[in-house]
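Open the model in your viewer and keep the selection panel at hand. The tour goes from one selection to the next.

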Amino acid sequence: METPQPVVRLADGLTLRRFEGEADLPEFLRVIEESLEHLRPWMPWVAEHAPEKTREFLAGRAGCWENRQEFTYAVTLDGAIVGVCGLFRREHTPEGGREIGYWLHPAATGRGVMTRTVRALVEEAFRLPDVEYVEVVHDVANLASGAVPARVGFTVHRREAAEEDLAPAESGENQVWRLTRRPA
């Protein structure tokens, strides 16, 4: 079974790499803690953030790669972690689809980092033989998250009610963007 590349090197010092478990904990924890106020409006998990939860998250990444359900990368600039992105399949996602999720440290925003990251994840997704489309889902109020798929070439596919706990700034309505594999 194929999986995405464990390391994806892009231009200008941007690299996506598999998390390295416990070895990444101190740096990743620092990046999360420095980003909490930036993420709090949009990420429900921030309300329950704790070092042990981050440790558990990192410990589970290898198994997620092995079962092909979730491929999570550290987003790095010049070797330093500045965020996280993932290519995954939720329980309700049909076999041919995958979703991309992401967030960045506030100091890394506004520089095209996530746009290049999502473009690279789309390429990795379409390397997999069973992936026909990729989606990005975000709260309609989160305009910055929505700008990324628009720049990459996704189109709005639908709007739907959020099914999870809401973060403080979320409206409860998600926008779903979709990019379909182009025929070879």
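Select Leu 25, Phe 28, Leu 29, Val 31, Ile 32, Ser 35, Leu 36 and Leu 39: these are buried residues of H1. Keep in mind that this is a predicted model. Residues three or four places apart in an α-helix point the same way, because there are 3.6 residues a turn.

Then turn to the strands below: H1 lies across S4 and S5 and runs at about 85° to S5.

Next, pick Val 82 in strand S4. Is Val 82 buried or exposed? Its relative accessible area is 12%; the cut-off for buried is under 20%, so Val 82 counts as buried. Show its contacts beyond four places in sequence: Val 31, Val 75, Thr 76, Leu 77, Leu 104, His 105 and Ala 108. Val 31 is one of the buried residues of H1. For a distance check, go from Val 82 to Arg 178: 96 residues apart in sequence, 25 Å apart C-alpha to C-alpha.

Display the whole sheet. Eight strands form an open sheet with mixed pairing, in the order S1-S2-S3-S4-S5-S6-S8-S7. Strand S1 (7-9) and strand S7 (155-161) are at the edges; each has a single partner strand, so one side of each lacks a neighbour in the sheet. From one strand to the next, the twist averages 25°.

Zoom in on S6 and S8. The two run antiparallel and are joined by seven bridges. Look for Val 136, which stands opposite Trp 177 in S8.

Bring in H3. This helix lies across S1, S2, S3, S4, S5, S6 and S8, at about 155° to S5.

Finish with the cores. Which members of the largest nonpolar core touch the most other members? Select Leu 16, Val 75, Ile 100, Tyr 102, Val 118 and Phe 154, out of 32 residues. Elements that each supply at least two residues of this core include strand S2 (14-18), strand S3 (70-77), helix H4 (143-152) and strand S8 (173-180). Helix H3 gives the most, with eight residues. Last, select Leu 36, Leu 39, Met 43 and Leu 58: they are among the 14 residues of a second, separate core.

Methods. Residues are numbered from 1 along each chain as its sequence is written. This is a predicted model: local features need pLDDT of at least 70, side-chain atom pairs count only at pLDDT 80 or more; totals for chains, interfaces and linings use all residues. Side-chain values use heavy atoms; hydrogens and water are left out. Buried means under 20% relative accessible area, exposed over 50%, partly exposed in between (1.4 Å probe, protein chains only). Helices (H or I, at least four residues) and strands (E, at least two) are DSSP runs, numbered from the N terminus. A nonpolar core is a set of buried Ala, Val, Leu, Ile, Met, Phe, Trp, Tyr and Cys residues joined through side-chain atoms within 4.5 Å. Two strands pair if DSSP finds at least two bridges between them. Axes are lines fitted to C-alpha atoms, for helices over the stretch in contact, and angles run from 0 to 180 degrees between N-to-C directions. Contact means heavy atoms within 4.5 Å.
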